[in-house]
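Let's walk through this model together, starting with charged side chains and then turning to a helix and its faces.

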Amino acid sequence: MPVERTRNLIQAGAFLRELSASTSLPESVRKEAYRLLRHFPSVSDVEAIAANEDRLIALTGSALVRSYLTTEFDPDWVKGYSHGPHIGG
């Protein structure tokens, strides 16, 4: 479902933020998490992708084109992540 894929992307970005900031982890793990996070889609990237999907569906009118993501974001998705969602940068 689009909402589940969106939630998982948002949570994966938050998880990478947690890993990259955790001083209890080896530096190599923190650096790798940060490297991956630098190119990971932010919340606004995910919203833009979802909005473009919606526009494509409206333009094509095709039943073959479907949404993979949603523009809806629930702050509860990152409730357990102390550093919050990945917002880019």
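A salt bridge here is a side-chain nitrogen of Lys or Arg within 4 Å of a carboxyl oxygen of Asp or Glu. This is a predicted model, in which local features need pLDDT of at least 70, side-chain atom pairs count only at pLDDT 80 or more, and totals for chains, interfaces and linings use all residues. Residues are numbered from 1 along each chain as its sequence is written, and side-chain values use heavy atoms, leaving out hydrogens and water.

Searching the whole structure turns up two salt bridges. In one, K31 meets E27 at 3.2 Å, N to O. These two are four residues apart in helix α2 (residues 27–38), so about one helical turn separates them. Helices are DSSP runs of H or I with at least four residues, numbered from the N terminus. In the other, the closest N and O atoms of R35 and E32 are 2.7 Å apart; both residues lie in α2, three residues apart.

How accessible are these partners? Buried means under 20% relative accessible area, exposed over 50%, and partly exposed in between, using a 1.4 Å probe and protein chains only. K31 counts as exposed at 54%, while E27, at 47%, is partly exposed. R35 is partly exposed at 40%, and E32 is partly exposed at 35%.

Now look at helix α3. Its buried residues are V43, V46, A50 and E53. The face turned away from the buried side of α3 carries the exposed residues A58 and L59.
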